[in-house]
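Please look over the sequence and the coordinates below before reading on. The notes after them are meant as a briefing on selected features, grouped by topic.

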Protein chains: 2
Amino acid sequence: MSLEGSFAKLALNDSAAPTTAVKALVFKSKTNSGAKPIVVVGLQETKTPSNIIAASTESKEPRLAKNEYFEQYFNVDDAKKFNLSHLEQAESEFFVVLDSTIPSLAEETVFSTNEDTIKFTQKSLTEYINSLTKADVKIVDFSKAPEASPAPKQKKSPPSKKEISNPDAKLIGVTVKKADDFSAWYQQILTKGEMLDFYDVSGCYILRPASYAIWEQIQKWFDAKIKKLGVQNTYFPMFVSSKVLEREKDHIEGFAPEVAWVTKAGQSELEEPIAIRPTSETVMYPYFAKWIQSHRDLPLKVNQWNNVVRWEFKHPQPFIRTREFLWQEGHTAFSNAEDAQEEVLQILDFYSGVYKELLAVPTIKGKKTEKEKFAGGVFTTTCEGYIPQTGRGIQGATSHYLGQNFSKMFNFSVESPLGKEHPKLFAYQNSWGLSTRSIGVMVMIHSDDKGLVVPPRVSQYQAVIVPVGLTNKTTLEEKNLILDTTAAIDRRLKAEDIRSTADFRENYTPGWKFANWELKGVPLRIEVGPRDLKENQITIVRRNDGKKFVIALDKLEEEIPKILEEMHWDLYNAAKEKYDAHRVIVEEWKDFVPALNGKNVVLSPWCGVEECEEDIKKASAKKNDGENFEEDDKAPSMGAKSLCIPFDQPELKEGTKCVKCGEKAVNYTMFGRSY
Amino acid sequence: MSLEGSFAKLALNDSAAPTTAVKALVFKSKTNSGAKPIVVVGLQETKTPSNIIAASTESKEPRLAKNEYFEQYFNVDDAKKFNLSHLEQAESEFFVVLDSTIPSLAEETVFSTNEDTIKFTQKSLTEYINSLTKADVKIVDFSKAPEASPAPKQKKSPPSKKEISNPDAKLIGVTVKKADDFSAWYQQILTKGEMLDFYDVSGCYILRPASYAIWEQIQKWFDAKIKKLGVQNTYFPMFVSSKVLEREKDHIEGFAPEVAWVTKAGQSELEEPIAIRPTSETVMYPYFAKWIQSHRDLPLKVNQWNNVVRWEFKHPQPFIRTREFLWQEGHTAFSNAEDAQEEVLQILDFYSGVYKELLAVPTIKGKKTEKEKFAGGVFTTTCEGYIPQTGRGIQGATSHYLGQNFSKMFNFSVESPLGKEHPKLFAYQNSWGLSTRSIGVMVMIHSDDKGLVVPPRVSQYQAVIVPVGLTNKTTLEEKNLILDTTAAIDRRLKAEDIRSTADFRENYTPGWKFANWELKGVPLRIEVGPRDLKENQITIVRRNDGKKFVIALDKLEEEIPKILEEMHWDLYNAAKEKYDAHRVIVEEWKDFVPALNGKNVVLSPWCGVEECEEDIKKASAKKNDGENFEEDDKAPSMGAKSLCIPFDQPELKEGTKCVKCGEKAVNYTMFGRSY
């Protein structure tokens, strides 16, 4: 059995662990030759009756496929040679019917194929299946017989109160718990919640409308704030010549390993490779120098909303670490340091505002250490978030004071306002950026085992209205009244600028719809049923906690905004409580690693010396002892990094020693394992 | 004398034309060693007194530079070896003081250096100087002595009514007329009007806030329109694997020569080169195929606002033909052809709306011929503009019906709504795009010899308020009243959502400010002076035609929106008149080329056969006979291409013959030389 492609990388041939046998079988429809092939992946012992396969894929009479079929769809000339690695080479879409026993096993479980030559873990199998862009995956419990197909029109008797059901209903939903496998859970809620999809260039992801809409809300809010400060939007090219990119030495050292290079256009090799911007300091500043001719032209304040590329070779993660991402980058220049530094902090406040006011995420503002600051700048301010599930810190957004480093490098100077006889004045610069990473932080913090939870101020839809209680007994008149009321509520909410949608899909039960919208994280569900109409009321359910509200139909416009507001602050306060509870002061080194292991970030008195910071990282590293945290190249073996020196400092008592080296502490610094 | 770099490319060593000698001299400040070097470029015969050089560059005592200085700034060890080509290698910013005689000469004028070995034209010299990103160019008339430096504080007597002057005032402004050298004029108004700047990667340009603000207005208008149609914004990666890019054969043939390839990241060669999207059909459609599982999931409508790269090797032109550009690309899929085709036309209406309603530009809607349609689509609809100065047509934006070509290639299908036993239904798709090219079309059409003219609905600022009539005799009280009123008007206009700005810059005369804002194309200038205040009125001047309005101060809020509206339609109607006058019906071939030469686009009866279209192009090509049109690789020797088959057709009489081949005509097609 030969293996190729990405599956080969997942294989685990040197494991001595006991293995569980799995099988991969290919089915085709007997009567519909154009239907998608069906690949059943299950435990060797699981029986996979074809009626269950048929129901889960809506296929007609699936039968085990013949050799020609393997050739046509998977480029394998013999059914016996077929294995999981061939799924990557599929010529077209196909179903994967996954035995639900597999996701229910521990992720360390070692599987083998029936020929017993290849071994791989449950985790790698799940990841592999998720990575197949042509696969339409259905997770199926083969232990249960499928429900009878609904076909409501034919099924006139016996009339029942049972609502119209759909055989797919049980197939959606998140199959991993947040507490069990955070990383797999995160991927599932993003993809099943239709916020994001994996893309066939590694490290790049598709932002689907549900996440892009959040980005649009962030843009709108932040753009208005900075425009009030006099910042103007602009667009500089994405390409930068190597000569210009390399002009500032510290800066390029920070970015060089991650720069993507264009070397070819059409069939022609370029004379010089051209870089794709990892950030635009060196792209912009030569032109700042050209445009600003007098100190009267300062301050200069521009911003752009754009894509940048940092070709990281580390483990990518949707939103959090991606090779291309969207952000805004502001670049400003002042005639004096005071104005520049005032702006740096003003922008940092906006960033923490994006997190608090829009994403309902608490952050801690502070300054980065010398080691962690922006390459080429003087100092970096940051707002730092916290992911309770992993106990890791995460950088939210950074605002840098560049001082005169870049302006001197790019000869960006003007005559002194004091007169020509005084030395030239080099501009004082800032740069600051907030990226789509913020969406990932928001998702990790609020979402749950049912799927996404999106805070109301940014969610694409704030409320979904679902007609309920329609049964086979419902009269046409009653049905129309419910549907009309649903549509009317939708219109009324839209008129109030509430982003609502009504779910009129037929062939789906309300229960299926509830689960579907919960998966997508829509903040409020509004139910409109016969009983509600009788009472002139509606029922509202909050996504985050299932809390129900019954409100009078004519109070909609007043009540719903209140419920949305309350929900925003409830989400924020819940997240803040966790952050506050897990940000602990540690004065002695003996308590440091145990605190980290307890999923805390740590505030410790620190000497401010870079070597000591390195020591802390090394000494707090631990081997993967099977605990639930992700192995990560960026933080090898997960030593604690300094997250920031918080602006809000505990009192540093006279004579306090550094938590690690015992020298004089200069401040309390926040450390943590981090993203 | 050896030549390197881009200057070498401009040299013209085989010309036998009589030459005019030019000189390039380098000056440095005697007393300020840190000041920028000054390169004076002038006719050999022009005298260049150092007091004029000093005034034009605000330098202290400029003196001819010594050898060390050449080494330090231009990497030349001997002043005698210095020539224009060394300006490319300048280590830092420098002034170019350009003898105003040079831009005033015809662009064919052949220059030689003082050693008489290198020859180049006036045009290539001007282009070369414009391309120097580190050069701060001042055009100076050496025949006039500089005005005495103003220093208004010292110059207390004699008190005069002359307004405070600035020595720079005469140095700004457009030095080429639109009618004389359209291409140089276009570059000058864009760069001097601060809309755009040249960038050091060829074919890429910087969109400065004045142009990006126009793009934001277009985004806002168009985005709202498509959202009402149910289109959702999304973001797909900019990278695409070669395998996916090459999936649709006709499509890739159309784009392959222009694709930029990333082959390297940091120090590592990538295993496979990765393309940068030239457009996103092949990026998106594999995922459409994955997401759409049922005909009930159709229509699918997404759009993104993004950058794309088409690495053209032809002569780039700001906005019009650039290697990276910004656009929106909409991609939609329907279950039937009718709905798809209805949308194609709806979007085309929006595009012609962007031109008409926002940019005040008339376009003609129609269908592209088979030869000119989108690679891989079924048909392309377009709105076509017209540039009166060059008599050339220009494609405004295109909306494509792709039919099932891509959906079959990407296996993007659903079950038939008629039931599973019917054949699978492949989606009917559209794609449509509008780019920043639209800004270039707008600039070319409305702007004039004084600079940019920007239509009011899109301009960054709609009105600039300039305090006037302040003289040395003005009392502080009078002055404060004028300045306060200026600020109050600014506030009142902003409160009405009119994008206004007030120009309080000191040390500039109102005349200088007027010229400066005219250069930038701000629609209205509002003058606030002592006389106006006495009468409780203000004076308003329209940028496009200098038309003056005197309105009562308390009628501002009513009158200004009216004046802006009128101005929009006046601009549109003026452009439409020209287009209408230069779109002529030509029935016979003998009149075809003369009509083109008369700067017309031509509506002719045509047979619809591609070979005939090729013949028309060849037969209508002309050599550059010195007339004022730009040589262009995209339309070699400028044969006429088909622009579109207009929807609005002249009556095609029975028996009408094709204008070129004499076969039966099937419609009237619009032909023209084009961009």
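The model is predicted. Chain B and chain A bury about 6500 Å² between them, and over all chains the structure holds 59 salt bridges.

**The interface of chain B and chain A**

- The contact draws on 74 residues of chain B and 75 residues of chain A, and of the roughly 6500 Å² that is buried between the two chains, 53% lies on carbon and sulfur atoms.
- On the side of chain B, the residues that lose the most area to chain A are B:Tyr235, B:Phe239 and B:Tyr287, which together account for 10% of what that side buries.
- Four salt bridges are found across the interface, and B:Asp197 forms a salt bridge with A:Lys290 in which the closest N and O atoms are 3.0 Å apart.
- Polar contacts between chain B and chain A number 37 residue pairs, counted where both residues have pLDDT 80 or more, while the side of chain B that touches chain A is made up of 39 nonpolar, 15 polar and 20 charged residues.
- Strand 12 of chain A and strand 12 of chain B, each covering residues 260–265, pair in the antiparallel sense over five bridges, and within this pairing A:Trp261 has B:Lys264 as its bridge partner.

- Strand 17 of chain B spans residues 379–387, and nine of its nine residues are buried.
- In a regular strand the side chains alternate between the two faces of the sheet. Here B:Phe379, B:Thr381, B:Cys383, B:Gly385 and B:Ile387 point one way from strand 17 of chain B, whereas B:Thr380, B:Thr382, B:Glu384 and B:Tyr386 point the other way, and all of them are buried.
- Strand 16 of chain B (residues 364–367) pairs with strand 17 of chain B in the antiparallel sense over four bridges, with B:Gly366 standing opposite B:Thr382.
- Strand 18 of chain B (residues 392–403) also runs antiparallel to strand 17 of chain B and is joined to it by nine bridges, with B:Ile394 standing opposite B:Gly385.
- Strands 17 and 18 of chain B form a hairpin with four residues between them, and B:Gly391 in the turn has a positive phi of about 70°.

**Salt bridges within the chains**

- A:Arg543 forms a salt bridge with A:Asp448, the closest N and O atoms being 2.7 Å apart. A:Arg543 lies in the loop between strand 25 and strand 26 of chain A and A:Asp448 in the loop between helix 13 and strand 22 of chain A, so the pair ties together parts that are 95 residues apart in sequence. Both A:Arg543 and A:Asp448 are buried.
- B:Lys365 and B:Asp349 form a salt bridge with their closest N and O atoms 2.4 Å apart. This pair links strand 16 of chain B, which holds B:Lys365, to helix 11 of chain B, which holds B:Asp349, over 16 residues.
- Both partners of that pair are partly exposed, B:Lys365 with a relative accessible area of 29% and B:Asp349 with one of 39%.
- The side chains of B:Lys314 and B:Glu312 meet in a salt bridge at 3.7 Å, N to O. B:Lys314 counts as partly exposed because its relative accessibility is 28%, whereas B:Glu312, at 10%, counts as buried.

**Backbone details and a loop residue**

- The peptide bond that joins A:Leu298 and A:Pro299 is cis, with omega about -5°, and A:Pro299 lies in the loop between helix 10 and strand 14 of chain A.
- In chain B, the peptide bond from B:Leu298 to B:Pro299 is cis, with omega near -5°, and B:Pro299 lies in the loop between helix 10 and strand 14 of chain B.
- A:Phe319 has a positive phi near 70° although the residue is not glycine, and A:Phe319 counts as buried because its relative accessibility is 5%.
- B:Lys599, in the loop between helix 18 and strand 28 of chain B, has a positive phi near 60° and is partly exposed, with a relative accessible area of 27%.
- A:Thr363 is found in the loop between helix 11 and strand 16 of chain A. At 19% relative accessibility A:Thr363 counts as buried, since the cut-off for buried is under 20%. Residues that A:Thr363 touches include A:Tyr355, A:Glu384 and A:Tyr579.

Notes
Residues numbered from 1 in each chain as written. Chains lettered and ligands numbered in written order. Heavy atoms only, no water. Buried < 20%, exposed > 50% of the residue type's maximum accessible area, 1.4 Å probe, protein only. Helix = DSSP H or I, 4+ residues; strand = E, 2+ residues; numbered from the N terminus. Pairing = 2+ DSSP bridges. Contact = heavy atoms within 4.5 Å. Buried area = accessible area lost by both parts, 1.4 Å probe. Polar contact = N/O pair within 3.5 Å; in protein donor to acceptor, adjacent residues only side chain to side chain. Nonpolar A, V, L, I, M, F, W, Y, C, P; charged D, E, K, R; others polar. Lists of a residue's contacts leave out its neighbours within four places in sequence.
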